[in-house]
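Work through the exercises below with the structure open. Each task is followed by a stepwise solution.

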Amino acid sequence: MPFIPHTENDVKEMLATIGVSDIDSLFDEIPAELLIENFDGIPEALTEMEISRLMHSRATRDGSPLSFIGAGAYEHHIPTAVWDIATRGEFYSAYTPYQAEASQGTLQTIYEYQTMITGLTGLDVSNASLYDGASALAESALMAVRANRRTKSKRILLASGVNPVYQKVAAAITGCQGLSFDRLPVDKESGATDLDALSNQEAVVAVVVQQPSFFGTFEPIDQLTDWAHAKGALVIAIVNPTSLALLKAPGDWGTEGADIACGEGQPLGVPLSSGGPYFGIMACQKKLVRQMPGRIVGRTTDLNGNTGFTLTLQAREQHIRRSKATSNICTNQGLMVTAATIYMSLLGHQGLSRVALTSHRQTANLIDLLTQIDGVELLFDGPHFHEAAIRLDHPVTSVLQALAARNILGGYDLSRQYPEFGNALLVCATETKTQADLDNYASSLQEIMSEQKVCDV
Amino acid sequence: MSDLPEDLRYTSEHEWLRQEEDGSVTVGITDHAQSALGDLVYVELPEVGQELEVGEEMAVVESVKAASDVYSPISGLVLEINVDLADEPEKINIDPYGDGWIVRLQSPSNIDSSDIMNPDSYQAMLDELEA
């Protein structure tokens, strides 16, 4: 579609046609006291050259450290072809097109993406993505409340290993609609949800289980799923898509499977890039499809018998249902999804399994090395995926600062969110880390720990 | 010209009501409403045993182009829902006053309140809409 700018005359003519004097009067229903003339604290405009220089200098501050931080966003190798293809002119747009059916290639890409996500999650339907993993949890919770009205509850029970940031975001998004989130306690030995806490729980509309947990440990997904279903609650799975190449799909959890799965799509071909843009994954069982927010692309047959793709189940979207829509924040992350689809196509199931397995092994190797250091121990027993919590014998902050001075990002400081675990640090190694990288981290940590011990004395 | 059975009562939201012999009230949407919505693909029903207030959302009827709320025209307890609509929502298109009924309510109030129209008044309203 060509871009046709409006001339001054066009604008005058249009205003005259509808009998309005100027463009501002189209907005005169906004009370004058709500209009802001000047934004305090926003500096004067910079020239392109100035802003480009400023941004380059800020970007340089990030440096290129060796990162062992996971905690929800994961550094994986992205084949060059992924973004070479994703940034071709035909794909390079953040949105699904307004005349969606005129863009068959875009719709087919989304359809292929949905097919891959249903394959990974073992569920029937996927949408075309949401903003990110945390908002996908909020949407999943709202969806569960709509779909499970018979419980007359808006209380959501979280397994102990749900990402604490997801809980905050979900509570912020859904709080005004009366949803509340309670967290089950963690078993201090295993790092999984303490199942003893399940007795004497009041009515809940849904139970959220993150697998692998935020601590990298494994939750008793089958028990939690069956318990939730027996209580009349729906089960929302939060999953890492890379891990699903190896782990049990949410559709197979317990006797009946999880009802909804959501998660952060970033590990599938999207760079860390200081925190975004990422994309949210969302899939569900077919019986819930009409409560699923966002766009869904379907495959169909046209008048001439050719296969074609079309947006489907739109009747509940915001452009038709307005305030009654399933969601009003369901813009999908089209470009990220395009990259993820290409990433998954290039790797295939085997490739994704190898990424998952190598990440798991590198993390196991890292943990072996780190726990040999005096003053370092594993926080939780049992298996891990590609992330594990360790405990240090002195404060995490100073250790992380010393590591950063050596260009190493040593992990996610758990002691801020979970003071009960003591000096706990969450570390992650993906397939991007070589044995030399692991050795570098371990020897640096050892030196820092012994130096700081001397200081402490 | 849409079909308006004489023995029913109608609302401005295009619902119909039938007073049953046992005192309960059956509710559905009018022929005009089904025709305006087009082919229905899904109907969301209330729960049996649910208490509805006048004007409360009672059901959602979804066609390929729109999803619309059906508001309860009277207050009352949901006695029965038309479970056939789950698999055959098109019953509302084919037979809106018969097989396409939506819910049966137990209501303490008389359906002949001021907001409820007889066929002539409803027809007059439709004529005005089309004018």
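## Exercise 1: A crossover in chain A

Strand 3, helix 6 (residues 164-174) and strand 4 of chain A make a right-handed β-α-β unit. This is a predicted model.

**Task.** State how strand 3 and strand 4 of chain A run, and how many bridges join them.

**Solution.** 
1. Locate strand 3 at residues 155-158 and strand 4 at residues 180-183 of chain A.
2. The two strands run parallel, and four bridges join them.
3. Check one pair: A:Leu158 has A:Arg183 of strand 4 as its bridge partner.

## Exercise 2: A loop residue

**Task.** Is A:Gln333 buried or exposed? What does A:Gln333 touch?

**Solution.** 
1. A:Gln333 is in the loop between helix 8 (318-321) and helix 9 (334-371) of chain A.
2. Count neighbours. A:Gln333 has 24 C-beta neighbours inside 10 Å.
3. Apply the cut-off: a residue is buried if 20 or more other C-beta atoms lie within 10 Å of its own. A:Gln333 therefore counts as buried.
4. List contacts, leaving out residues up to four places away in sequence. A:Gln333 touches A:Ser129, A:Tyr131, A:Pro277 and A:Phe279.
5. The C-alpha atoms of A:Gln333 and A:Tyr278 are separated by 7.5 Å, with the two residues 55 apart along the chain.

## Exercise 3: Domains of chain A

**Solution.** 
1. Chain A is divided into domain 1 (80-342) and domain 2 (348-456).
2. The contact takes 13 residues from domain 1 of chain A and 19 residues from domain 2 of chain A.
3. The side of domain 1 of chain A that touches domain 2 of chain A has six nonpolar, six polar and one charged residues.
4. The C-alpha centres of domain 1 and domain 2 of chain A lie 29 Å apart.

## Exercise 4: The sheet of chain B

**Task.** Give the strand order of the open six-stranded sheet in chain B, and say which strands are at its edges.

**Solution.** 
1. The order is 1-2-3-9-8-5, with antiparallel pairing.
2. The edge strands are strand 1 (9-10) and strand 5 (51-52) of chain B, since each pairs on one side only.
3. Start at strand 1 of chain B. Two bridges join it to strand 2 (residues 15-19) of chain B. B:Arg9 stands opposite B:Leu17.
4. Strands 1 and 2 of chain B form a hairpin with four residues between them. In the turn, B:His14 has a positive phi of about 65 degrees.
5. Move on. Strand 2 and strand 3 of chain B pair over five bridges, in the antiparallel sense. B:Glu15 stands opposite B:Ile29.
6. The hairpin of strands 2 and 3 of chain B has five residues between the strands, and B:Gly23 takes a positive phi near 95 degrees.
7. Three bridges then join strand 3 (residues 25-29) to strand 9 (residues 103-106) of chain B. Here B:Val27 has B:Val103 as its bridge partner.

## Exercise 5: Where the chains meet

**Task.** How many residues of each chain are in contact?

**Solution.** 
1. Nine residues of chain B are in contact with seven residues of chain A.
2. On the side of chain B that touches chain A, strand 6 (57-63) and strand 7 (67-71) of chain B each give two or more residues.
3. By class, this side of chain B has four nonpolar, one polar and four charged residues.

Terms used. Residues are numbered from 1 along each chain as its sequence is written. Chains are lettered from A and ligands numbered from 1 in the order in which they are written. This is a predicted model: local features need pLDDT of at least 70, side-chain atom pairs count only at pLDDT 80 or more; totals for chains, interfaces and linings use all residues. Two strands pair if DSSP finds at least two bridges between them. A crossover is right-handed if, with the strands pointing away from the viewer, the path from the first strand over the helix to the second runs clockwise. Two residues are in contact if their C-beta atoms, placed from the backbone, lie within 7 Å. Ala, Val, Leu, Ile, Met, Phe, Trp, Tyr, Cys and Pro count as nonpolar, Asp, Glu, Lys and Arg as charged, and the others, Gly among them, as polar. Domain bounds come from an automatic or database domain assignment. A residue is buried if 20 or more other C-beta atoms lie within 10 Å of its own, exposed if 12 or fewer, and partly exposed in between; C-beta atoms are placed from the backbone.
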